[in-house]
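Student: Could you go through a model with me, one element at a time? I'd like to ask as we go.

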Amino acid sequence: MATELRYLAVEGPIGVGKSTLARALAERLGGELVLEEPHANPFLERFYREPRTAALPTQLTFLLQRSRQAQQLRQADMFAPVRVADFMLDKDRLFARLTLDDDEYSLYEQLYERLAMDAPVPDLVIYLQAGPDVLLERIARRGIACEQRIERRYLERLGDAYSRYFHFYDAGALLIINNERLDVQAREEDLQAVLEAIGRIRHGRHYLNSGQPSLFRSR
């Protein structure tokens with residue numbers, strides 16, 4: 001599949017399949033895979049146990065990680081055919097606004113501005129969607145111990161936050177995929193449908209329905 005896109009980011013809520021799709025795309029496109037490192041955050045497990053008291057150190061640690069990742073992305077091999085990440089650096093602010101109170105968020109914003117993360121903007125963002133029940137089932141199936149504390153209400157709020165963010169997103173091309181029944185690991189036709197959709201995209205907003213992988217719409 002020929003594409004002019006050099007930097008792709010896969011986004012969506014916890015358990016939606018970001019890493020799975022990013023790995024499949026990087027392998028198929030012969031690109032560089034850039035993965036998020038959530039479990040390198042020493043406060044994450046405590047956050048899932050005590051979200052109110054652990055939210056600030058968890059988020060500040062992620063902010064420092066993102067700053068480092070932004071620097072790595074800026075310095076990445078520009079001769080690589082494509083880079084595929086399973087996160088956007090902008091997601092850090094989305095999670096911060098969701099988990100921090102107003103005073104904590106004000107402190108977070110001051111640090112964010114001081115770090116001045118001049119991260120490259122993805123040529124294409126692939127936003128994966130799935131309902132909270134599907135997400136809970138996938139989280140349970142993958143069996144990461146600290147994630148088993150995640151509640152349905154948190155996933156609902158997270159899904160709403162992502163929906164609001166991408167409703168106004170216009171920094172680059174956007175492909176929105178209903179990922180409730182897509183299986184790019186087990187079904188070659190599903191991965192091929194995503195690759196074909198990517199191959200058609202240069203700008204604007206586009207949609208792919210996982211229930212009907214051949215259904216591709218642009219707006």
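Predicted model: local features only at pLDDT ≥ 70, side-chain atom pairs only at ≥ 80, totals over all residues.

Student: OK, how many residues does helix H1 have, and how far does H1 reach?

Tutor: Helix H1 covers residues 18–29, which makes 12 residues, and from its first C-alpha to its last H1 reaches 16 Å, close to the 16 Å expected at 1.5 Å a residue.

Student: Which residues of H1 are buried?

Tutor: The buried residues of H1 are Lys18, Leu21, Ala22, Ala24, Leu25, Ala26 and Leu29.

Student: And what covers the buried residues of H1?

Tutor: The cover includes the strands S1 (7–11), S2 (32–34), S3 (83–85) and S4 (124–129), together with the helices H4 (91–99) and H8 (188–200).

Student: Switching to S1, how many of its residues are buried?

Tutor: In S1, 5 of its 5 residues are buried, with Tyr7, Ala9 and Glu11 on one side and Leu8 and Val10 on the other, so that both faces are covered. In a regular strand, side chains alternate between the two faces of the sheet.

Student: How many bridges join S1 to S3, and how many join S1 to S4?

Tutor: S1 and S3 run parallel and are joined by 3 bridges, with Tyr7 standing opposite Arg83 in S3. S1 and S4 also run parallel, joined by 4 bridges, and there Leu8 stands opposite Leu124 in S4.

Technical notes: Residues numbered from 1 in each chain as written. Heavy atoms only, no water. Helix = DSSP H or I, 4+ residues; strand = E, 2+ residues; numbered from the N terminus. Expected span 1.5 Å × (residues − 1). Buried < 20%, exposed > 50% of the residue type's maximum accessible area, 1.4 Å probe, protein only. Contact = heavy atoms within 4.5 Å. Pairing = 2+ DSSP bridges.
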